[in-house]
Amino acid sequence: MGVKDEFAQLSQYRNAYVLAFSAAMGSIFYGWDVGLIGGIIALPSFQQYFGINKESANAQANFNGNIVSILQAGCFFGAISIGYLSARFGRKPCLIAAGVVYIIGSLLQTIVGLGSSQSVGLKFLYFSRFLGGVGVGMVSVLTPMYVSECTPKAIRGRCTGLCQFANNIGIMLSFWVNYSSSSNVPFGQIQWRMPFAVQMVPGVLFILSMLPQPESPRWLVEKERYDEAAKTLAYVARKSIDDPAVILTLDEIKADFVGKQQIPILTQFRMMGESYQTALRCFIPSLVMFFQQWTGTNAINYFSPQIFAGLGISSTNSSLFATGVYGVVKVIAVGLTLAFAVESFGRKQCLMVGSLGQGLMMLWIGGYSAIHPQSTIVPASYVSIIAVYLYAVFYCIGWGPVPWVVGSEVAPNSVRTAALSVAVGVNWLFSFTISRLTPVMLEKITYGTFLIFGICCMIMTVWTYILLPETTGYALEDVKYLFEKDVMVRSLQDAPGGRIFLGGRRAIPVAELRRAALGESDKSIQSEKQGMQDDYSVGQEVPIVRDMAAII
C-alpha cells in the first residue's frame, strides 16, 4: 500500500482512529504507572523520607520488589473482575470507572505520608499502589477489547496494537518525568511527590476523551439495543444508519448471537474446555501473555536504573537519563512495527525475530556481567548498554505488541470475555511474579538473572516456530480452521524453512476446510457479499461472521 493509499485509508477510517486513540489513552496511564515506580524508588529523597537508605541491601531488595509488585496484585484483581462488570454494564462505563479508580489511587500516592509516621506512610503507599493497580488492570482488559470490537477489520491489527504503542508512550513519559524531577526539583518531598501527581494527567485526559465515544456495537447487540448498535456501526464506517453495508453488518452480528445472548461468565469458563480445539484456542492467549512476561521486559521497565548502574552508569541522574532513552527507543520501535511489519511481515515471523533477538541480547548482558562484575566503565560496557537498547527494539518487533494481536485473533468468540480475563489475569500474575523476584535475583544471582530471561526467549522462539500457525491474512471466522487439525504441520509449513522438516506432507488448506464445513453454496454467497462488506465491516467478514471483535 502506497503513501497515498495510506492517507486515503486514514481519511476513510478517521472516526475509528479517533475512537482507538481515545481508548488508547487508558493504555498510556497503564504504561505510566508501570514505568513510574522504578525511578521514584531510585531517588535518594524518597529513600531518605521512608528510611529505606538505612536498611540492609537484602531489605532494600525486598522493599523494591514489594512496592513494585503490589501494583500487579491490584492489576490482577482488576483484570479478573472486569469481565463480569463489562458484560453487565457495558465497555464504555467500565472504562470511565477504571479511569476514576486510577486517579483516586494516584491522588492517594501523591499525599502518602503526610501527617503520619514512616511505617504508616509505607502501609498507605502499598494500599494506594494496590488501588491504582485495580484501575490499571481493568483498563488493560477493556481497552483492547473495546478497540477491537469497534474498529474496521482493515485496520484492526494496527488499532489493537495501538494499545501497546500507547503503553510504551506512557512508560517513556514516566521515565522522563522521573529524570526531570531528579534533575530540576530540589532534594525533598516534592522531588518524589511530583511524579506521583503528574501521573493523574493521563487519567483525566482519558476520561475526557472517552466521554463522547460510543458504546461497543457488539455489547449493544447482545443487549438487543439494535438502534444504538446501528448508530455506532454507522459512525465508525462513516455511513448513514440506512446504508446497506451497515444493515448487513448489524444483521450478521444479530445472527451470531442467536442462542448465545448473555452467556453467564461462569458458563463461559466451563465452555472453554468443551472441545480440544476450543481449549487450545483459549490456552494460547494465556500462553503468549505468560511468555511476554518471561522475556524479562518488565524487569527492565521497573528496575532499569539499577540495571544501568550495574553496567557502569552509576549516578542517579545518568541512570534515569539512560532509562528515558530506553523508553524513547521502545516507542519508536513499536510505532514502526505497527506501521510496517505487523500486517505485512506476519505475526509468526515478528514473534520469532523478536524472541531470538531478545534472547541474544539478554545472554550477552548476562555474559558481560559474569565476566565484568565491577561497575567501572570498560569498552564492553558500551556494547552492553547498546544491547539493552537493542533488546527494547526486538521486544517491540515481537513480544511487545504482537501477543495482544495474536490473542485477539485466536480466542474463540463465544467465550471471549472469559478467555480474555484469564489471559490478562495471567499477564498480571506473572508481571507480579517477575517484579517481585527481579530485585532479589539481581541481588542474589546477579548475572544469572539475564541468563534465565535469555534462555526463556530462546524457548519462545522454538515454540513459535513449531507450534504457532500464522494468523495474518485470515478472516476471524477462518482462524478456527488453523487449529482444527495438523496444527504442528501447519505451523512448520508457515515457518521460514519449515517445510524441509515435513517432506511432502502438508496441512489441508483453510479454503478446503471451509468448503467442507459450509458447502459450495455458501461460497457463492460469500463472493457476493464480500465486495459490499470489505470497506465497512467492523471486525468481521461475510458471510458466516461469527463475531465482529478481536479481543486484545
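View 1. Buried means under 20% relative accessible area, exposed over 50%, and partly exposed in between (1.4 Å probe, protein chains only). This is a predicted model, in which local features need pLDDT of at least 70 and side-chain atom pairs count only at pLDDT 80 or more, while totals for chains, interfaces and linings use all residues. Residues are numbered from 1 along each chain as its sequence is written, and side-chain values use heavy atoms, with hydrogens and water left out. Look around and you will find 25 helices and zero strands; these are DSSP runs (helices H or I, at least four residues; strands E, at least two), numbered from the N terminus.

**View 2. The largest nonpolar core, with 67 residues.** A nonpolar core is a set of buried Ala, Val, Leu, Ile, Met, Phe, Trp, Tyr and Cys residues joined through side-chain atoms within 4.5 Å. F46, W192, F206 and W428 have the most contacts inside this core. Helix α2 gives the largest share of the core, 15 residues. Zoom in on W192 and you will meet its contacts (heavy atoms within 4.5 Å): leaving out residues up to four places away in sequence, W192 touches partners including F46, Y49, F50 and Q109.

**View 3. Helix α4 and its kink, centred on I82.** The 33 residues of α4 reach 47 Å from first C-alpha to last, close to the 48 Å expected at 1.5 Å a residue. That expected span is 1.5 Å times one less than the number of residues. The kink is about 40°, where the bend at a residue is the angle between axes fitted to the seven residues ending there and the seven starting there. Just after α4 comes G90, with a positive phi of about 105°.

**View 4. S174, a residue of helix α7.** Here S174 is buried, at a relative accessible area of 0%. Beyond its neighbours within four places in sequence, S174 is in contact with G31, W32, G35 and L36.

**View 5. The salt bridge between R514 and D478.** A salt bridge is a side-chain nitrogen of Lys or Arg within 4 Å of a carboxyl oxygen of Asp or Glu. This pair meets at 2.7 Å, N to O. The two residues are 36 residues apart and link distant parts of the chain, with R514 in helix α24 and D478 in the loop between α21 and α22. R514 is buried at 18% relative accessibility, and D478 is buried at 4%.
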